Every structure is written in structure tokens, then in C-alpha cells.
Amino acid sequence: MAFYRPASWQKPFAAVTLLAALALPQCLEFIDQSYYLGLATRMLIFALAASSLNLVLGFGGMVSLGHAAFLGIGAYVAAICHQAGIQQGLLVLPLAMVVAGLFALLVGAISLRTRGVYFIMITLAFAQMVYYLFVSASAWGGDDGLPIYERLQLGSFSLVGDAALYYTALGALAFAMFLFGRLADARFGRTVQAIRENETRMEALGYPVFRYRLVCFALGGACAGLAGALLANQSGLASPSLLQWTQSGTLLVMVIIGGVGYLYGGVVGAIVLLGLEELLLSWFAHWHIVLGLLLLGIVLFAPKGVAALFGRSRD
Amino acid sequence: MTENLLEVAGLTRRFAAVEALKAVDFVVAAGEVHALIGPNGAGKTTFIHHLSGALLPDAGQIRFAGRDVTRLSMHERVRAGMARSYQITNVFLGLAALDNVALAVQGRPDAGSSFRFWRPVRREARLFDEAREFLAQVGLAAQAATLAGNLSHGEQRALELAMALATKPQLLLLDEPMAGTGPEESARMVELIEHLARHVTILLVEHDMDAVFRLADRISVLEGGELICTGTPDEVRNDAGVRRAYLGDHL
């Protein structure tokens, strides 16, 4: 292993992609395919969620199978705020991050005392607890979830328009990626990456390993919470299915096919997985089988993920 | 003699039916090179693990620099001034030698918090300048940019030492620094430890008796979890109990 080092072309490429993404709504409108704007927004939001897991898994080396809990909590924070009549995104979005982050702090403080399979199981257990809590909470819609009838306001801008929500998701993702990129190079990023490789050695160098892991885990949870709040606003519903363990699995699959430990692994994975789903859905009745085969192919031919195919992002 | 840097009293540890350490009393004076020897299975590594905090004792006390550290965690002991090197080379093989040592420098409390999320480490010249000094101390200045995985075994041992030194310890626990090195590398390592001993107190666990008798001011002998002898190299060499332990001479 080494510390994460972006390929030299990565920054310009990301900038060009960002510009293209900025122009996307107009382009889609021009070719009269605005339907796809919703898909693009979903991709951005899941890219954010998967990237937050990649921070925990790829950089922090913590294989969490409970990441959906933070996504779902973010969604429910948005929905509960809506229920209470709070529509200001500048309040709701940070609140979703804080609540999800605090919950991640709690989950991490307990589960990070374990390692390996035990860590996987205990994060899964926490996520399932949250799932059953919301399924049984009838005040918050129980099984049916909690609807959001009107999207957030961001300052004085309304996110009711699809393009507005798209740009919000794009902004959130761009901000998160910029933050993660800086963080990976900074002291904190180096510390968690070195802990991922050899935690005993880091202890023996005087690093309070647990604390760094915990902060990394909580940061990942907070960003997942932001993604959840956006997702609930897009679909107009905070549903318990967002909290289910299969959702955690989907995020893991995104990170793995995208590239564990590559800065843009989560982004690539989310776009590939949701893109494939959309394509196959329209062509095949039994699209799940085809998707499975394709994923198998990706894992076989790009074991380090799709992002790893493009140059060496890690030396 | 000066005051004691490390005082171990009645350290006891049992693994199931095996009593690995039996009420060990042990003292390292400030400034000395103290060697810990003993036959295989005597409990040396277990003892070191208790000193470094990897294992906690069933009974007994460890005082370091006048402070009870018995229940402190590993990183807290490092921060208190005890650093260790590992018997099996334990460096970050995928990182350059310089990055390895820079990590050690960065971990020190006086280097500032590592909860910094923004500024790239490579712009923190101070970390790397200091890391270069430690590399130079162990004779690896020319290998700064080499991946640790591409260093020779002896060089990796030296790097291990540089990392321990970079934590600026008062006491250096060296767990078999000569393990697996050839005669030439061993000789270099002995020189290096002699050099380091001028600045830092050293507790040396080693099988290479030539090195031990050359380096140590005092030697303690551990056998079957008991400390059977402590003294100068001459005293230890002439101790009947030690001879029996090493030669298995029960007659």
C-alpha cells in the first residue's frame, strides 16, 4: 500500500466533468430528454453516499455493513422536519448531517472495539435496529415511510424544480469530493490510511488509533446523512427500505465496482451501477440476472474497480 | 548510579495453566543499556509486551519515569516516552523510508494534532526535515526516497529503529534488533546502538551474546518466567544459575 496519490490527469478531468455536469440539464432539455435528469440526480446522490462509504471503507479500512442506517437517518430527518413544517434546507441539510454523524459516533464508539467479521456484524446489527425502529414507529409512517410533499427551500431558492435539486446534489457532491481529496492528503488522511495498513504499528508510534478511526467513521456517516436528506427530497419519501441492509449492500457494491480506496471510486461505482440498472431495465425482463453477470465480469476483469482501470491513482 | 527510569514490581501474568511471568522485579536505571536475555520460551517477549502495553498483567506494577503506567494503553506509553522496535520488522513497506519516519514524527504530541483535514502533509517541511535527521542518525540518509519494501533486511531494521527514535523516547525497547541480520549488518547495528546509547536509555532483548556483552552495562536473565539474575556482564557470565539455565546443567 501507499498513501493515496491522484493520477496527474485526475484534477483536470474532474474539472471538465464538473463543467459537463453543470451543462447537463440544458443539454437534456435541448434534446427533449429531461426525464433523465432525475436519473442523473439519483446518480449524484448515490455517488455522494457511496463516496462517504469509500471514506470509511477505502481510506479508513473499516468494512461497515450498516452504512444505510446513516443514509436512512438523513432521509428521516428531512421528512420529520417537513412534517414539522421546517422547509429551510440551510437548516435541514446540516441537521441531517449532524444527526447522522452523531449516530455514527455512537455506533462507531461501540463497534470499533471489534475487528473484522465482528465489526461487519455489529454495524449490520445497529442498522437493522434502526430499520425496525422506523418500521414500527407509526408516528413516522411505519412501514409506509414518511412522505415529503414539498421539497426544501435553499435560502430563498426552491428545490421544487428538478434542475434546482440536481444542482444542489451536484454542489453537495463536488464539495464532498473536494473535501475528501484534501483530507486524503492531509495529516488526518495519512493517519487513517496508515492505520488501515497496520494499526498496531501506529499505536506503537503513539497514535490514539481508536479516535482517528471513530472520527473517520462519523465523518462518513454525516456525509451519508446529507445524501439521505437529498434522496428523500428527490423521491418525496423517507422509506424504511432506505435503511434496510440490502441498501448497505448496494452501497458496498458501488464502492467495490468503482474502486475501493480510489477518491472517485464511489462516484464511478454509483454511476456504473445505476446506469446499468437503467439500461438493462428497459431491455430485459430478467434484468437482475444480466446485471449480476455484468457485475461478475467487472469484478473479474477489474478486481480493483473501474476507477483502477484508468491510470494508476495509487502508486 | 542515577535514578531509575523503569521500575517493574511483582509483574505476574498467566496464560491458562502456564505462568509466563512469575512476580518479576526489574529495574532499568536512567542512561544505561540494560540487556534482557534468557533461553527460548523464558518469557522475554511476553515481558516486553507488558512493558509496551500490548498485554496487561494479572498482578504487579510498572512505573516509568516516576509514574504508574501499568494500565496505560500502548499509545499513551509511547507518549509518556517509551518506544519500541519489533522483533519482526514492522514498517510500512509501501511507503518511502522518509514517509515512514515522517509518520513517526507526526505522531508525536509536540508535532501537533493529526486531526488536520486541509493542509497537504507534503507541504509540512518541518516533518520531513526532522525525519531526514533521524534517517541520517541510523545511516539511511541516502535511502530516504526508497520504498521500505525495497530496502535490505538490515536497512529495514535500521528504519524500524529510526521510527522508534522519531518518537523521541526516554526509553527505547529493542526487541531483538539483530534478528535475521548477517554478521556485517549485525556489526553495523551494534555500532548504531552504541551510538544511540549516548542519548537514550535502552532495554535490549537479544539472542546474539557477543552483541549483548559488548553493549550492555547490566544484564538481566529471565528463565521460566522468573528473573534469576541481574548484574554486570562479568557477574552474569560467572553466575552459576545462569550457566545452568543456558546449558541445561542440572548436575
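Start in chain B: select strand S1 (residues 4-15) and strand S4 (residues 59-64), which run antiparallel and are joined by 5 bridges. Strands here are DSSP runs of E with at least two residues, helices are runs of H or I with at least four, and both are numbered from the N terminus. Two strands pair if DSSP finds at least two bridges between them.

This is a predicted model, where local features need pLDDT of at least 70, side-chain atom pairs count only at pLDDT 80 or more, and totals for chains, interfaces and linings use all residues. Residues are numbered from 1 along each chain as its sequence is written, while chains are lettered from A and ligands numbered from 1 in the order in which they are written.

**Stop 1: the sheet**

Click B:Val8. Its bridge partner in S4(B) is B:Ile62. Now show the whole sheet of chain B. It is open, with 4 strands in the order S2-S1-S4-S5 and antiparallel pairing. Strand S2 (18-29) and strand S5 (67-68) of chain B are the edges, each pairing on one side only.

H1 lies across S1, S2 and S4 of chain B and runs at about 60° to S2(B). Axes are lines fitted to C-alpha atoms, for helices over the stretch in contact, and angles run from 0 to 180 degrees between N-to-C directions.

**Stop 2: two helices**

Select H3(B) and helix H5 (residues 153-166) of chain B. They pack at an angle of about 25°, with axes 8 Å apart. H3(B) and H5(B) are therefore roughly parallel to each other (the term covers angles under 35 degrees).

Who makes the contact? From H3(B) come B:Ala97, B:Asn100, B:Val101, B:Ala104 and B:Val105; from H5(B) come B:Leu159, B:Ala162, B:Met163 and B:Ala166. Residues are in contact if their C-beta atoms, placed from the backbone, lie within 7 Å.

**Stop 3: where the chains meet**

Show both chains. In chain B, 25 residues are in contact with 23 residues of chain A. Helix H2 (74-80) and helix H3 (97-106) of chain B are the elements that give two or more residues to that side of chain B. H2(B) gives the most, with 4 residues.

**Stop 4: a glycine in chain A**

Find A:Gly249 in helix H10 (residues 245-258) of chain A. Is A:Gly249 buried or partly exposed? A:Gly249 is partly exposed, with 14 other C-beta atoms within 10 Å. By that count, 20 or more is buried, 12 or fewer is exposed, and in between is partly exposed. Last, select A:Gln128. A:Gln128 and A:Gly249 are 121 residues apart in sequence and 13 Å apart in space, C-alpha to C-alpha.

Terms used
Two residues are in contact if their C-beta atoms, placed from the backbone, lie within 7 Å. Angles under 35 degrees count as roughly parallel, over 145 as roughly antiparallel, 65 to 115 as roughly perpendicular and the rest as oblique.
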